[in-house]
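Subject: Handover of a structure for your review

Dear colleague,

Please find the structure below, followed by an account of what was found in it. I would be grateful if you would read the two side by side.

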Amino acid sequence: MAERSVEEFLKECQQSGDSAYAALRSVLERLEDQKTRVQARIFLADLQKRFPSKEARDQCFDSYHFRIEDIFLDQYEGYQGRKKLTTMVIPSIFIPEDWSFTFYEGLNRHPDSIFKDKSVAELGCGNGWISIAIAEKWLPLKVYGLDINPRAVKISWINLYLNALDEQGQPIYDGEKKTLLDRVEFHESDLLGYCRDHDIQLDRIVGCIPQILNPNPDAMSKMITENASEEFLYSLSNYCALQGFVEDQFGLGLIARAVEEGIAVIKPMGIMIFNMGGRPGQGVCKRLFERRGFFVNKLWQTKILQAADTDISALVEIEKNSPHRFEFFMGLSGDQPICARTAWAYGNAGGRISHALSVYSCQLRQPNQVKKIFEFLKNGFQDISSSLDLSFQDDAVADEKIPFLAYLASILKESSFCSYEPPAGSKQFRNFIASFMKTYHRIPLSADTKLKES
Ligand SMILES: C[S@@+](CC[C@H](N)C(=O)[O-])C[C@H]1O[C@@H](n2cnc3c(N)ncnc32)[C@H](O)[C@@H]1O
C-alpha cells in the first residue's frame with residue numbers, strides 16, 4: 001500500500017469504526033513488511049503527535065475511532081525498564097481499565113524470576129499491553145498473547161511494533177540484545193487452542209478473561225470474525241457463554257475451561273495466574289482451582305467499581321434459581337456485602353456498586369498425576385469431572401489419593417473395562433483397590449478377598 005498522509009488516513013477513519021479498522025490493518029501490513037516498516041512507524045509517531053492532550057485523544061476516539069496513548073509502568077511495584085508503553089485501542093476491543101491495572105499490579109507482586117526466560121501465554125490479551133509489559137520488564141523467552149477477538153490480535157501487533165521500534169522506526173534492544181519482536185507473538189485463539197494445536201508447553205499461563213454470562217445467550221452463538229459487528233466484538237471483553245462446567249452457575253465457566261486446558265499444556269512446575277472478580281465470593285473462586293488439584297495463593301486484592309458497561313442481570317437470574325448469593329458492595333467504601341439483586345436495583349437507582357478483584361497464583365500439587373487424571377477425563381468423562389474434588393487439607397492424604405486416581409485413570413485409559421485376567425484379575429490393581437478401601441473407607445479388603453455374590 002502506498003504511503004498516505006495523516007490527513008488522508010484520518011479521513012478514512014472518520015467514516016466508521018470499520019473503516020478505521022481497515023485503515024489500521026493496512027498500516028499493520030506496512031509494519032510487517034521490512035521495506036516499509038520504518039516509514040510506517042514514523043507515520044504512527046506523527047499520528048500520535050496530532051493528539052497531544054487527553055481531550056484531543058478523547059475527541060480522536062469519538063471522531064476517528066481509535067486512540068493512541070501511553071500507559072505508565074513506573075507506578076507499579078518493583079518497576080524497572082521502560083517508564084511507559086505506547087498503546088492503541090479501537091472501540092471494538094477491550095479498553096484497559098481497573099481490571100487490567102489490578103491484574104498487572106498482581107503480576108508485579110511475584111518475584112522478578114517469575115517470567116525470566118520462561119514461555120508464557122496471556123489469555124485474553126486485549127490490545128496486548130500486558131504481554132508487551134511482561135516481555136519488557138522480565139525478559140521471558142516468549143510471550144504468546146492470545147485473544148478470541150480477531151481485531152484485538154491485529155491491534156496488539158500494531159502495539160508491539162509501536163514499542164519495539166522508536167519514533168524513527170529503529171529497533172529498541174534490551175539488555176540481551178533482543179527486541180520485543182523477538183519475545184512476543186499474538187494469535188487469534190479460543191483460550192489455549194493455539195498452544196494446544198502447536199504443541200507449545202508453557203511455564204506460565206496468565207489471564208484476565210470474562211466472568212459474567214452474557215445476559216443475551218443467543219448473542220454468543222454468532223460467528224467470531226473480524227467482520228462481525230463492533231458491538232458484538234466488544235461484548236467479548238466482558239461476557240462469556242455457558243461452557244458446560246459446574247462453575248457456569250457463578251459465571252466462572254470460561255476460567256474453569258481455561259484451567260482445564262491449562263493443565264494439559266503447562267509444564268510440571270508451571271504457574272497459572274488469574275485475575276478473579278470476587279463477585280461469586282472468595283470461597284467459590286479458590287475452590288475452582290483447589291478442586292482441580294492446585295495450591296492457591298491470593299497475591300493481591302483490591303475493590304473496584306463494577307464496570308458501567310456490564311449488565312449483571314444474569315447474576316440476578318442465578319440468585320433467583322439457587323441459594324447462592326453474589327458479593328457486591330455499595331460504592332468503594334461499603335464493607336457489608338450485598339447480593340446481585342440488591343446491587344442491580346441500587347445500580348439502576350443511580351448508585352455505584354463495587355466488588356473485590358483478586359489475583360490468584362496457582363500451582364499443581366502433583367503435576368504429572370493430575371495431568372494424567374484430566375487427560376483421561378477429557379475423553380468422554382465430563383460428568384465425573386464435575387464432581388471430582390482434588391482438594392485436600394492434609395498433604396499426606398493428597399499424596400495417596402491423587403496417585404491412586406492417576407493410576408486408575410492410566411489403567412482405564414488403556415482399556416475402558418478392567419482387564420481381569422482369569423480367574424481373579426490383575427493382582428497389582430486388586431492390591432491398589434484393597435488398600436484404598438482399607439485406608440479411606442475402613443473396609444477390610446485384601447487383594448485376595450472374594451466378595452459374595454448377592
Ligand atoms: C477483560 S479483557 C482483558 C484484556 C487485557 N488482558 C487487558 O487487561 O487489557 C478480556 C479479554 O478476553 C478476551 N476473550 C474473551 N473470551 C475469550 C476466549 N474464549 N479466548 C480468548 N480470549 C477471550 C476478550 O476478547 C478480551 O480481550
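Which residues are the closest to the ligand? They are Ser 100, Gly 124, Asp 147, Asp 190 and Leu 191, among 20 residues that surround the ligand; a residue is counted here if one of its heavy atoms lies within 4 Å of the molecule.

Before the details, a note on conventions. This is a predicted model, in which local features need pLDDT of at least 70 and side-chain atom pairs count only at pLDDT 80 or more, while totals for chains, interfaces and linings use all residues. Residues are numbered from 1 along each chain as its sequence is written, and side-chain values use heavy atoms, with hydrogens and water left out.

Ligand site

A backbone N or O atom of Leu 191 is 2.8 Å from a ligand nitrogen. The side chain of Glu 122 places an N or O atom 3.0 Å from a nitrogen atom of the ligand, and the side chain of Trp 129 has one at 3.4 Å from a ligand oxygen. Taken alone, the ligand exposes 590 Å², of which the protein buries 97%; accessible areas come from the Shrake-Rupley method with a 1.4 Å probe, and for residues only the protein chains shown count as cover.

Overall fold

The protein chain contains 18 helices and 12 strands, assigned as DSSP runs (H or I, at least four residues, for helices; E, at least two, for strands) and numbered from the N terminus. Its C-alpha trace spans about 90 × 55 × 40 Å along the principal axes. Of the 454 residues, 54% count as buried, where buried means under 20% relative accessible area, exposed over 50% and partly exposed in between (1.4 Å probe, protein chains only). The accessible surface of the chain is about 21200 Å², and carbon and sulfur atoms hold 52% of that. Among contacts (heavy atoms within 4.5 Å) with a separation of 6 or more, 71% join residues 24 or more positions apart.

Nonpolar cores

A nonpolar core is a set of buried Ala, Val, Leu, Ile, Met, Phe, Trp, Tyr and Cys residues joined through side-chain atoms within 4.5 Å. The largest has 65 residues, and Phe 9, Phe 66 and Leu 107 touch the most other members. Helix H7 (residues 150-164) supplies the largest share of this core, nine residues. A second, separate core of 63 residues includes Leu 123, Phe 294, Phe 328 and Ile 402. Beyond four places in sequence, Leu 107 is in contact with residues including Phe 115, Ile 130, Trp 138 and Ile 273.

Individual buried residues

Asn 159 lies in helix H7 and is buried, with a relative accessible area of 0%. Its side chain reaches the backbone nitrogen of Met 88 at 2.6 Å. Arg 151 is also placed in helix H7 and is buried at 2%; its contacts outside four places in sequence include Asp 18, Glu 226 and Glu 230. Met 272, in strand S9 (residues 266-277), is buried at 1%. Met 272 and Tyr 360 are 88 residues apart in sequence, with their C-alpha atoms 8.1 Å apart, and Tyr 360 is among the contacts of Met 272.

Positive phi values

Most residues other than glycine have a negative phi. Asp 117 has a positive phi near 60°; it lies in the loop between helix H5 (98-108) and strand S3 (119-123) and is partly exposed, at 46% relative accessible area. Lys 177 also has a positive phi, of about 60°. Lys 177 is in the loop between H7 and helix H8 (180-183) and is exposed, at 69%.

With kind regards

Methods: Polar contact = N/O pair within 3.5 Å; in protein donor to acceptor, adjacent residues only side chain to side chain.
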